[in-house]
Amino acid sequence: MRFAHRHLLGIEHLSQSDITAILDLAEKYVDLNRQSTKHSDVLSGLTQINMFFENSTRTQASFELAGKRLGADVMNMAMQASSIKKGETLIDTAMTLNAMHPDLLVVRHPHSGAVDLLAQKVNCAVLNAGDGKHEHPTQALLDALTIRRAKGRLHRLNIAICGDVAHSRVARSNLILLGKMENRIRLIGPPTLVPSTFAEFGAEIYDDMNEGLQDVDVVMMLRLQKERMDGGFIPSEREYYHRYGLDAAKLALAKPDAIVMHPGPMNRGVEIDGTLADDINRSVIQEQVEMGVAVRMAAMELLARNLREAA
Ligand code: NCD
């Protein structure tokens, strides 16, 4: 299994076979994570630093657990209390950490491109845990693994990505990944949140859920990213839910075995009905979280192999 990359910065840089390599290795870790003893030593001796400049619950916990289960020494930097608050630049912080010889740096940052920039300055492998509206590669990979396990394949599926596409790095990374794997993608949402420029990804654009959801295999809902909006994107949350919120009636238009996904955190009653989100017969939201740990273990193992070969 060859994975010829020093960093994992975006899906953009990956080939079909890179994606398949990560997912196949992740399957092994899904099994390991279901055992009572969940330990491997593939990262033993290596240091992993998690730097999250934006709030995160599941992604940070998932990367931390993934590193610990693989035997790395894992440190979480409390960025809220760091020198960034004293005016230090991102690059100075990165250079300071670099001098401590980490092997894997996991970074989330509110600015698109910040993680790529940082990767150019350090000697270790960098994993992008989400940069602005740009990419969130491990999220797209965990979504892909969830879809592949539920549908038995990751190609020739009709996949709807719904809601706040404009502000979503999850949507962007998924569009790139699912496109590379030759699926048909529909983007559904109001024109303010699904600009027509997204057609360049090869997706079909709908502003009516009732049309867009017809016969899809996968319904991926997105959080309304209010923190990235400066007003005027939606009339009201009530109206938004009525037109674009996923409930059982709208889901009935999709294929009878269509699965429901959401990257979390969810706004129940805004983009998705709470009961539907919890319906284990339709919703794979908890599986997405489970697959997240396995996919991150796989990605870190592949990058660590390259580090050891280069050493
Ligand atoms: C997403 C993110 O941070 O981009 N969440 C996540 O990583 N699970 C999506 C979101 O914040 O809505």
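The largest nonpolar core holds 64 residues, and Leu127, Leu141, Ile147, Ile161, Leu177 and Leu187 touch the most other members. A nonpolar core here is a set of buried Ala, Val, Leu, Ile, Met, Phe, Trp, Tyr and Cys residues joined through side-chain atoms within 4.5 Å. Buried means under 20% relative accessible area, exposed over 50%, and partly exposed in between, with a 1.4 Å probe and protein chains only. Helix 11 gives the most to this core, with 11 residues. In soluble globular proteins, nonpolar side chains tend to be buried together.

Keep in mind that this is a predicted model: local features need pLDDT of at least 70, side-chain atom pairs count only at pLDDT 80 or more, and totals for chains, interfaces and linings use all residues. Residues are numbered from 1 along each chain as its sequence is written, and side-chain values use heavy atoms, leaving out hydrogens and water.

Now for the sheet. It is open, with four strands in the order 2-1-3-4 and parallel pairing. Two strands pair if DSSP finds at least two bridges between them. Helices (H or I, at least four residues) and strands (E, at least two) are DSSP runs, numbered from the N terminus. At the edges sit strand 2 (73-77) and strand 4 (125-131), each pairing on one side only. The twist averages 15° from one strand to the next. Strand 1 (residues 47-52) is joined to strand 2 by five bridges, and Ile49 has Met75 in strand 2 as its bridge partner.

Contact means heavy atoms within 4.5 Å, and axes are lines fitted to C-alpha atoms, for helices over the stretch in contact, with angles from 0 to 180 degrees between N-to-C directions.

| Helix | Strands touched | Angle between directions |
|---|---|---|
| Helix 2 (residues 58-69) | strand 1, strand 2, strand 3 (104-109), strand 4 | about 175° with strand 1 |
| Helix 11 | strand 1, strand 3, strand 4 | about 150° with strand 4 |

Let's zoom in on helix 2, where you'll find Gln60. Gln60 is buried, with a relative accessible area of 18%. Not counting residues up to four places away in sequence, Gln60 touches Asn50, Phe52 and Asn76.

Helix 11 (residues 285-310) also meets helix 5 (residues 137-151): their axes come within 8 Å and cross at roughly 115°. Residues in this contact include Leu141 and Leu145 in helix 5, and Met291 and Val295 in helix 11.
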